[in-house]
Amino acid sequence: MPVTDAIIDRLCTACGLCCNGVLFTSVVCSTAAEARRMEALGQPLDRSGGLCSFTQPCRQLRDTRCGIYADRPTRCRRFECELLKRVDRGEVSATAAAGCIDSVRLRSEIVRSLLRGLGDEDESRPLATRCDRVMELPVEKDEEWWDTYATFLLEVRALQSLLKAHFYEATVATLAVDKPDTPVA
Ligand code: SF4
Ligand code: SF4
């Protein structure tokens, strides 16, 4: 049974974590027509590996809301994170879930800010990709960089734990910095 509209209205409209490059790196288009439509909207497509996908952060995201919600791709339409499902099953209150979303959004902003401090300012890429790139940088850095890097690692771990605990399916071992290849949405 799909999660009710009331829960989606309450939580998703203030979240956007499955669209902004925090939970996922890309969204697979289900049909050629869908891919063409996204391309026409200015969404760059990746046609490698026999799939057609668009990278996150999604360009259709307006703050925390989808700008093409009524006409969003099939995968987006079908995706429901674990947090939504738990609220729907009555295991978590909507208020607690909203607090959890706020906290993850805040943590992801901290990681983004640290990434900028470490020299990665490319906000058009998924968070996991950016974290990986920073982790692969040459090691000749000054003490200040290493201090920031130590904080960055702690914050990434904290973010990973929150995502794992609340948003990903328990059966999917997916971490933000492990480049989740499970197509979103
Ligand atoms: S991550 Fe969950 S709560 Fe947030 S927008 Fe996506 S489905 Fe909704
Ligand atoms: S098109 Fe999909 S990924 Fe993009 S903002 Fe809308 S729901 Fe999110």
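Two strands count as paired if DSSP finds at least two bridges between them. With that in hand, let's look at this predicted model, starting with its sheet.

**The sheet**

Strand 2 and strand 3 (residues 53-55) meet the requirement, pairing in the antiparallel sense over two bridges. Within this pairing, D46 sits opposite S53 of strand 3. Strands of a sheet pair through backbone hydrogen bonds, in either a parallel or an antiparallel way. Here the sheet is open, has three strands in the order 1-3-2, and its pairing is antiparallel. Strand 1 (26-28) and strand 2 (45-46) are the edge strands, each pairing on one side only.

**Two helices side by side**

How do helix 5 and helix 7 run relative to each other? The axes of helix 5 (residues 94-117) and helix 7 (residues 143-166) come within 9 Å and cross at roughly 150°. Angles over 145 degrees count as roughly antiparallel, and therefore helix 5 and helix 7 are roughly antiparallel to each other. Their crossing is left-handed. Helix 5 contributes residues including C100, V104 and L114 to the contact, while helix 7 contributes F152, L159 and L163, among others. By class, the contact has eleven nonpolar, six polar and two charged residues.

**Around the ligands**

Ligand 1 has L11, C12, C15 and F167 among the residues surrounding it. Ligand 2 is surrounded by eleven residues, of which C19, C58, L61, C66 and C76 are the closest. The table sorts each shell by class.

| Shell | Nonpolar | Polar | Charged |
|---|---|---|---|
| Ligand 1 | ten residues | one residue | one residue |
| Ligand 2 | nine residues | one residue | one residue |

Terms used
Residues are numbered from 1 along each chain as its sequence is written. Chains are lettered from A and ligands numbered from 1 in the order in which they are written. This is a predicted model: local features need pLDDT of at least 70, side-chain atom pairs count only at pLDDT 80 or more; totals for chains, interfaces and linings use all residues. A residue is near a molecule or strand if its C-beta atom, placed from the backbone, lies within 6 Å of it. Ala, Val, Leu, Ile, Met, Phe, Trp, Tyr, Cys and Pro count as nonpolar, Asp, Glu, Lys and Arg as charged, and the others, Gly among them, as polar. Helices (H or I, at least four residues) and strands (E, at least two) are DSSP runs, numbered from the N terminus. Axes are lines fitted to C-alpha atoms, for helices over the stretch in contact, and angles run from 0 to 180 degrees between N-to-C directions. Angles under 35 degrees count as roughly parallel, over 145 as roughly antiparallel, 65 to 115 as roughly perpendicular and the rest as oblique. A crossing is left-handed if the near helix is turned anticlockwise from the far one by less than a right angle, and right-handed if clockwise. Two residues are in contact if their C-beta atoms, placed from the backbone, lie within 7 Å.
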